[in-house]
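Work through the exercises below with the sequence and the model side by side. Try each task before you read its solution.

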Amino acid sequence: MPETILTATTPRAWQSLLADYWQLTKPRLILLFLITTAAAMVVASEGTVSPWLLLVTLLSGACAAGAANTINCLYDRDIDAIMERTRHRPLPSGRVSPLEALLFALTLAAIAFILLAVFANLLSACLAMAGIAVYVGVYTHWLKRSSPQNIVIGGAAGAIPPLVGWAAVTGELSWAAWVLFAIIFIWTPPHFWPLAMLIQDDYARVNVPMLPVVDGDATTARQILLYTLALVPTSLLLIYPCGVVGWGYGLAAIALGGGFLYRAWHLTQVPSDKERARSLFKFSILYMMLLCGAMALDRMLLAQLDLSLATELQTLTCLLPWS
């Protein structure tokens, strides 16, 4: 009888344990990081990225982001235990111990570094570790509980994944790579602040000085609009002066930017409207996914066009009488 009970419950216990560790990594956040990394790799490779390198870099990026998110959960377990939306997470609920979480994070970070150093290059591996350091040291430890600019400066961590992707392909960081960094960096505040407006009571309860808590909804909405105004022209720098994508991407960037601007302006009209804030937050995610998709697709189409033109030119050359 005891053996039967053990056999019946063990699979569920393992499933529950794996689910807890999976939750520590915050997988929904990781997905967006991987999308920006993949887009950077496609653009850096001029539309012909190696599938193996893409797979290794994305796996490494997932491990690095998972490590950073786990350490964030470890550091914030005291306030997570108080906030309604986070108190059931594995650490504050006691389902995972702090030591276990730390070992898990260090393992993920080591896997990320080794994979990138061996199969890509040392620069991309070091950038991945820098992303963890910025997220943990600058955002989580230094700014999150001390400054309403926490998400602005600390948001640099979320802008590092495209640098990792670019470096993995090229072994260096061009101006286009830094423009990608700037796009994510400027996008982060108008992406996160609408969410902060929705859950500001939780942040106020644990004395985390998010902008809506400190300066109110009206100021936050105006800041969101200003950052969005800066985001649209920044996104077009990939066309000129960088010249790494074409106007197919440009049209998509303008259309998506217009939608983002409209929703940001709409929020400034009634800053206390939670539904407008929720709509803006959801659209900001869609914006980044579609923008990355547009730049990757545009670069791949340009690569196909270049290949077709080269083939036609070679054919014409062979047909010439003096060839």
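This is a predicted model: local features need pLDDT of at least 70, side-chain atom pairs count only at pLDDT 80 or more; totals for chains, interfaces and linings use all residues.

Residues are numbered from 1 along each chain as its sequence is written, and side-chain values use heavy atoms, with hydrogens and water left out.

**Exercise 1. The overall fold**

Task: state how many helices and strands the protein chain has, and describe its extent.

Solution. 
- Step 1. Count the elements. The protein chain holds 13 helices and zero strands. Both kinds are DSSP runs numbered from the N terminus: helices are H or I, at least four residues, and strands are E, at least two.
- Step 2. Take the extent. The C-alpha trace spans about 85 × 60 × 35 Å along its principal axes.
- Step 3. Check burial. Of the 323 residues in the protein chain, 46% are buried. Buried means under 20% relative accessible area, exposed over 50%, and partly exposed in between (1.4 Å probe, protein chains only).
- Step 4. Look at the contacts, meaning heavy atoms within 4.5 Å. Among those between residues at least 6 apart in sequence, 72% join residues at least 24 apart.

**Exercise 2. The nonpolar core**

Task: find which residues touch the most other members of the largest nonpolar core.

Solution. 
- Step 1. A nonpolar core is a set of buried Ala, Val, Leu, Ile, Met, Phe, Trp, Tyr and Cys residues joined through side-chain atoms within 4.5 Å.
- Step 2. Name the residues. The largest core has 73 residues, and Leu238, Tyr249, Tyr287 and Met295 touch the most other members.
- Step 3. Find the main contributor. Helix α9 (residues 175-198) gives the largest share of this core, 13 residues.
- Step 4. Zoom in on Leu238. Not counting residues up to four places away in sequence, Leu238 touches Ala176, Val179, Leu180, Ile183, Gly243, Val244, Val245, Tyr249 and Met295.
- Step 5. Look beyond this core. Another core of seven residues lies apart from it, with Leu24, Leu74, Val96 and Ala101 among them.
- Step 6. In soluble globular proteins, nonpolar side chains tend to be buried together.

**Exercise 3. The cysteines**

Solution. 
- Step 1. Search for disulfides, pairs of cysteine sulfur atoms within 2.5 Å. The whole structure has zero.
- Step 2. Cys242 is partly exposed at 24% relative accessibility. Cys292 is buried at 5%.

**Exercise 4. The cavity**

Task: identify which residues line the largest cavity.

Solution. 
- Step 1. Set the rules. On a 1 Å grid over the protein atoms alone, a cavity is a set of points where a 1.4 Å probe fits but cannot get out; a pocket is an open set with protein on both sides within 12 Å along at least five of seven lines; lining residues have an atom within 4 Å of a point. Grid points are joined across faces, edges and corners, and a volume is the space filled by probe spheres set on the points.
- Step 2. Search. The whole structure has one cavity of 30 Å³ or more. The largest cavity has a volume of about 50 Å³.
- Step 3. List the lining. Thr36, Ala39, Pro162, Leu180, Ile183, Ile184, Met288, Cys292 and Met295 line the largest cavity.
- Step 4. Assign elements. α2, α9 and α13 each give two or more residues to this lining.

**Exercise 5. The second largest pocket**

Task: say which helix gives the most residues to the lining of the second largest pocket.

Solution. 
- Step 1. Note the space: about 170 Å³.
- Step 2. Pick the helix. α3 gives the most to this lining, with four residues.
- Step 3. Phe104 is found in helix α5. Leaving aside neighbours within four places in sequence, Phe104 contacts Tyr21, Leu24, Thr25 and Thr70.

**Exercise 6. A lysine in a loop**

Task: decide whether Lys144 is buried or exposed.

Solution. 
- Step 1. Locate Lys144. It sits in the loop between α6 (122-143) and α7 (150-154).
- Step 2. Read the area. Lys144 has a relative accessible area of 8%, so it is buried.
- Step 3. Name its contacts. Beyond neighbours within four places in sequence, Lys144 contacts residues including Asn72, Asp76, Tyr139 and Met210.
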